[in-house]
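Biologist: I would like to learn how to read a structure like this one. Please take me through a few features in turn.

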Amino acid sequence: QVSCSVDKPVVIGLAADSGCGKSTFMRRLTSVFGGAASPPKGGNPDSNTLISDTTTVICLDDYHSLDRNGRKEEGVTALDPRANNFDLMYEQVKAIKEGKAIEKPIYNHVTGLLDPPELIQPPKIFVIEGLHPMFDERVRDLLDFSIYLDISDDVKFAWKIQRDMAERGHSLESIKASIEARKPDFDAFIDPQKQYADAVIEVLPTQLIPDDNEGKVLRVKLIQKEGVKNFDPVYLFDEGSSISWVPCGRKLTCSYPGIKFAYGPDTYYGHEVSVVEMDGAFDRLDELIYVESHLSNLSTKFYGEVTQQMLKHADFPGSNNGTGLFQTIIGLKIRDLYEQIIAERAGTPAEAAKV
Ligand code: ADP
Ligand code: G6P
């Protein structure tokens with residue numbers, strides 16, 4: 001007796017450059033929905049898809065129309081629209097949104113080739129993550145909510161050095177060169193998508209340490225578009241006010257350089273937004289409850305849920321700063337959005353759709 005439309009997936013887009021925290025974000029998101037995600041069982045071990053009880057996350061690299069060789073021959077990067085099949089992306093996201101299964105290609109990151117497709121069933125929540133979820137207008141219009149992870153050049157560089165130098169043995173020069181080589185296409189095709197995002201998590205060097213370029217302490221902004229259906233922005237203390245808050249003192253342990261929050265209205269690419277900002281890092285994660293209790297509209301189901309989620313994944317990158325905090329909060333907002341959409345379709349109050 002449940003009508004078909006109730007079962008149709010809610011579609012979320014997550015855009016960012018590679019190595020900018022998309023998979024970490026996805027792990028936080030699926031955890032909010034109550035289950036860890038894993039690759040499809042019995043399928044291609046190089047599949048980029050992650051499936052949990054409620055959520056399927058696909059990686060848009062699977063819509064590369066040119067494989068690694070093809071890109072080399074044509075002299076185009078993976079960021080170039082010419083290396084990607086937006087017609088197929090659109091058709092398949094549309095089919096999933098209509099509740100139909102798809103045979104999605106697989107881009108094999110190990111071989112650089114396109115593998116035989118895998119069958120993807122429509123889930124409750126379908127996330128498309130990658131370089132171009134908001135690039136094509138047709139695909140963009142299918143998204144119920146979109147997020148852009150905006151990592152500033154300095155921070156991207158610091159993260160890449162950490163990972164590629166420490167873990168993969170690349171040289172500083174080669175890391176610099178690969179970032180430089182991507183930059184023109186990144187600026188032309190990836191970065192402009194942030195104007196369409198309903199929420200942007202912007203990661204900048206700290207302002208608490210003069211001339212810092214280590215990228216260890218971060219200033220993170222959660223930029224939330226106003227007037228988005230089923231999305232009620234989070235605020236600090238008093239909705240619509242401009243606030244600067246240094247919570248360090250009796251209730252929060254802060255070592256150098258401390259923690260600073262800010263909140264207020266702003267405009268972003270011509271849209272009204274409200275921005276919550278955190279600069280600095282938590283010393284003790286359990287004390288986050290103090291900060292949580294001063295934030296409103298968090299879409300938590302119980303007091304302390306943000307802190308509990310952060311403690312649960314304390315080992316994920318960014319758990320002691322604004323990246324982890326805001327990713328967790330957006331995860332809760334997506335759960336809320338999902339419940340509102342489902343309740344609306346079923347014609348019942350949101351309570352009925354709780355997951
Ligand atoms: P993506 O899926 O976009 O490629 P990942 O989530 O796998 O990105 O993160 C890639 C790497 O970037 C991590 O291994 C880590 O080194 C670094 N990283 C990601 N997010 C953060 C963060 N919030 N703080 C610090 N480093 C991070
Ligand atoms: C994927 C990633 C890109 C990366 C590419 C490597 O598509 O999403 O960010 O650049 O693989 O491509 P390459 O042509 O260097 O093998």
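**Reading a buried residue, a ligand site and a strand**

Modeller: Start with Asp17, which is buried, with a relative accessible area of 5%. The model is a predicted one.

Biologist: Why does Asp17 count as buried?

Modeller: A residue is called buried when its relative accessible area is under 20%. Asp17 has 5%, so it is buried.

Biologist: Which residues does Asp17 touch?

Modeller: Leaving out residues up to four places away in sequence, Asp17 touches Lys22, Leu79, Leu131, Lys156, Arg182 and Phe186. With Arg182 there is also a polar contact, side chain to side chain, at 2.5 Å.

Biologist: Which residues are around ligand 2?

Modeller: List the shell before looking at single atoms. Ser18, Asp61, His64, Arg68, Arg71, Ala78, His109, Leu131 and Arg182 are the residues around ligand 2. By kind, the shell has two nonpolar, three polar and four charged residues.

Biologist: How do I read the distances from side chains to oxygen atoms of ligand 2?

Modeller: Take one pair of atoms at a time. For His64, an N or O atom of the side chain is 2.5 Å from an oxygen atom of ligand 2. For Arg71, a polar side-chain atom lies 3.0 Å from an oxygen atom of the ligand. For Arg182, an N or O atom of the side chain is 2.6 Å from an oxygen atom of ligand 2.

Biologist: How much of the area of ligand 2 does the protein bury?

Modeller: Two values are needed here. Ligand 2 taken alone exposes 390 Å², and the protein buries 71% of that.

Biologist: Now a strand, please. Is strand E13 mostly covered or mostly uncovered?

Modeller: Count its buried residues. In E13, residues 271-280, eight of the ten residues are buried, and the strand is mostly covered.

Biologist: Which strands pair with E13?

Modeller: Read the bridges and the direction. Strand E9 (residues 218-225) pairs with E13 in the antiparallel sense over seven bridges. In that pairing, Val220 has Met278 of E13 as its bridge partner. Strand E12 (residues 259-268) is also antiparallel to E13, over ten bridges. Tyr268 stands opposite His271 in E13.

Biologist: What is found between the strands in the hairpin of E12 and E13?

Modeller: There are two residues between the strands, and in this hairpin Tyr269 takes a positive phi near 50 degrees.

Key. Residues numbered from 1 in each chain as written. Chains lettered and ligands numbered in written order. Predicted model: local features only at pLDDT ≥ 70, side-chain atom pairs only at ≥ 80, totals over all residues. Heavy atoms only, no water. Near = heavy atom within 4 Å. Polar contact = N/O pair within 3.5 Å; in protein donor to acceptor, adjacent residues only side chain to side chain. Areas by Shrake-Rupley, 256 points an atom, 1.4 Å probe, with all protein chains shown as cover. Nonpolar A, V, L, I, M, F, W, Y, C, P; charged D, E, K, R; others polar. Buried < 20%, exposed > 50% of the residue type's maximum accessible area, 1.4 Å probe, protein only. Contact = heavy atoms within 4.5 Å. Helix = DSSP H or I, 4+ residues; strand = E, 2+ residues; numbered from the N terminus. Pairing = 2+ DSSP bridges.
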